[in-house]
Structure formats: structure tokens, C-alpha cells
Amino acid sequence: MRYHYSSIMTVLIFMLLNPLYALTITVLLSIITNRVNNVLIAVLYVLSFTLFFSNQEFIFHTDLGSYIDMYHRTQSENISSIFGDFLKNPNGREFLWLYYCIAIGVVTGYSTEVFVVTTYMLIFSLSAYLAFLVSESGRHNLALILFSLIFFEMTFLVVGYNLWRIEVSVLLFLIGLIKYFSFQSKYISRVMIYSTAFIHISIIPIIGLFELYVFFIKRNDRQELINTSLFIKFILFVVGA
């Protein structure tokens with residue numbers, strides 16, 4: 001019964017307060033009681049921050065405005081022309097992002113509001129999944145990791161004013177990185193890591209650093225360092241990106 005009371009209290013906190021304040025209180029609640037449901041925290045985190053960031057003015061002379069303009073311009077393009085343009089000039093024409101824009105546009109009739117909400121939901125869903133992986137599937141405090149992660153995201157979304165493509169590519173890269181070093185399928189992880197370059201090509205130098213790191217690990221046979229340094233690498237890659 002106390003477990004249900006904690007869940008109800010968490011929902012009420014997110015409904016009544018700014019999501020940043022709500023997350024802070026939830027972290028304290030999870031540390032004190034250790035009874036807050038991780039799935040509930042993740043869902044509330046995604047929904048609350050998605051609505052919080054979606055509720056803003058769309059100024060077109062900004063990064064957000066340029067993404068909305070890019071989204072609407074795909075209405076007159078097709079899959080083959082987008083890929084051809086990427087081969088000619090990849091900068092700003094990364095085809096995976098433009099395919100995503102086309103998919104949202106076809107389904108929603110190129111609604112700006114739905115595109116903005118969907119993109120923010122994608123960003124915060126990826127960050128929640130990343131926090132879940134870092135917490136080792138919930139063994140560690142998920143709320144505390146989400147609280148730490150949101151300040152890195154605020155750098156992209158507030159200071160950088162909605163650097164969507166960089167945010168998505170960095171999150172996908174980090175998810176692929178953690179899966180690679182968790183001894184799961186190396187091929188699937190590498191596909192995920194390399195696909196981030198087709199969302200934003202600025203991630204290519206970081207992919208190069210990853211391959212260099214893997215090369216020296218194999219050369220020196222130092223696999224035992226992977227698990228102990230995983231969280232440190234997570235922080236360094238986010239800051240460096």
C-alpha cells in the first residue's frame with residue numbers, strides 16, 4: 001500500500017509543479033523511500049518535459065525555426081532526391097533526419113505542432129532509455145540519473161536553443177556505445193553508432209574517437225577497464241559532444 005501511495009504522490013507532484021522541480025522532489029522521494037516506480041518516473045519524465053518544451057513560441061530565425069522550415073520543405077521532396085542531395089552535399093542534408101521529417105509529415109499532414117511534440121517526445125524518450133541503461137536496468141536510482149541527465153539536455157535545448165539533430169544523434173550514439181560495451185551484439189551497436197552520422201555529420205569525429213578507443217582496447221587486451229569507466233565515458237562524451 002505504501003508503494004501505491006508513493007506512486008500517487010509522484011503523479012500529483014508532476015501534475016502540479018514545473019517538471020524540473022517535480023523531478024527534483026521525486027529524486028529526494030526515491031532516495032528516502034526507495035519505493036518510486038522506475039517505469040512511472042520515466043513516463044512522467046518524458047510526458048512532462050515534452051509538454052514543457054513544446055509550449056513555446058516558434059521563432060523562425062532560430063534553430064527551432066530552421067528545423068520547422070526544413071520539415072515543411074520535405075513536402076516537395078522524395079526519398080531518392082533527398083539521398084541524392086546528401087551525396088552531393090551532406091552538410092545539413094543528412095537523409096535519416098529528413099526521412100524522419102517526411103514520415104511525420106505524411107502521417108500528420110505536415111502539422112507543425114505535431115512535429116514539435118513528436119520530436120521532443122523522441123528526445124526525452126531516448127534520454128529516459130539512456131538513463132535506464134546507465135542505471136543497469138534499474139539497479140541504481142533511475143530518478144537521480146534522469147536528474148543528472150536533464151542538465152546536459154538543457155544545454156542543447158535552452159542554451160543552444162533546440163539543437164534537435166545534435167541532441168538525437170548524441171543520445172543514439174551513447175545508447176549504441178553502452179550496448180557495445182555491455183557485450184551485446186557488436187554489429188547492431190555499430191549500426192546504431194554509425195547511423196548517427198546520417199542525422200548530424202558533426203558526430204563523425206566522436207565516432208572516430210570511439211573506434212580509436214576500441215582499437216587500443218583490443219591491442220592492449222584491457223577489457224576489464226570497460227565496466228569501471230563506463231559512467232565516466234558517458235559524462236565525457238555528452239560534454240564533449
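Arg 165 is in contact (heavy atoms within 4.5 Å) with Tyr 67, Gly 92, Glu 94, Trp 97, Ile 199 and His 200, leaving aside its neighbours within four places in sequence. Arg 165 lies in helix 9. Helices here are DSSP runs of H or I with at least four residues, numbered from the N terminus. Arg 165 counts as buried, at 8% relative accessibility. Buried means under 20% relative accessible area, exposed over 50%, and partly exposed in between, with a 1.4 Å probe and protein chains only.

This is a predicted model: local features need pLDDT of at least 70, side-chain atom pairs count only at pLDDT 80 or more, and totals for chains, interfaces and linings use all residues. Residues are numbered from 1 along each chain as its sequence is written, and side-chain values use heavy atoms, with hydrogens and water left out.

**Salt bridges**

A salt bridge is a side-chain nitrogen of Lys or Arg within 4 Å of a carboxyl oxygen of Asp or Glu. The count comes to five by this rule. Three of them are tabulated.

| Pair | N to O distance |
|---|---|
| Arg 93 – Asp 85 | 3.2 Å |
| Glu 94 – Arg 165 | 2.5 Å |
| Arg 190 – Glu 211 | 2.8 Å |

Glu 94 forms a salt bridge with Arg 165. This pair links distant parts of the chain, 71 residues apart: Glu 94 sits in the loop between helix 5 (79-88) and helix 6, Arg 165 in helix 9. Both Glu 94 and Arg 165 are buried.

The side chains of Arg 190 and Glu 211 also meet in a salt bridge. They join helix 10 (residues 186-195) to helix 11 (residues 204-220), 21 residues apart. Arg 190 is partly exposed at 24%, and Glu 211 is partly exposed at 21%.

Arg 93 is buried at 14%, whereas Asp 85 is partly exposed at 27%. Glu 77, Asp 85 and Arg 93 are linked in a network of salt bridges.

**Core**

The largest nonpolar core has 67 residues, and Tyr 45, Trp 97, Trp 164 and Phe 173 have the most contacts inside it. Such a core is a set of buried Ala, Val, Leu, Ile, Met, Phe, Trp, Tyr and Cys residues joined through side-chain atoms within 4.5 Å. Helix 9 (residues 164-181) gives the most to this core, with 13 residues.

**Confidence**

The mean pLDDT (the predictor's confidence in each residue, from 0 to 100) of the protein chain is 81, and 80% of its residues reach 70 or more.

Definitions and conventions:
Helix = DSSP H or I, 4+ residues; strand = E, 2+ residues; numbered from the N terminus.
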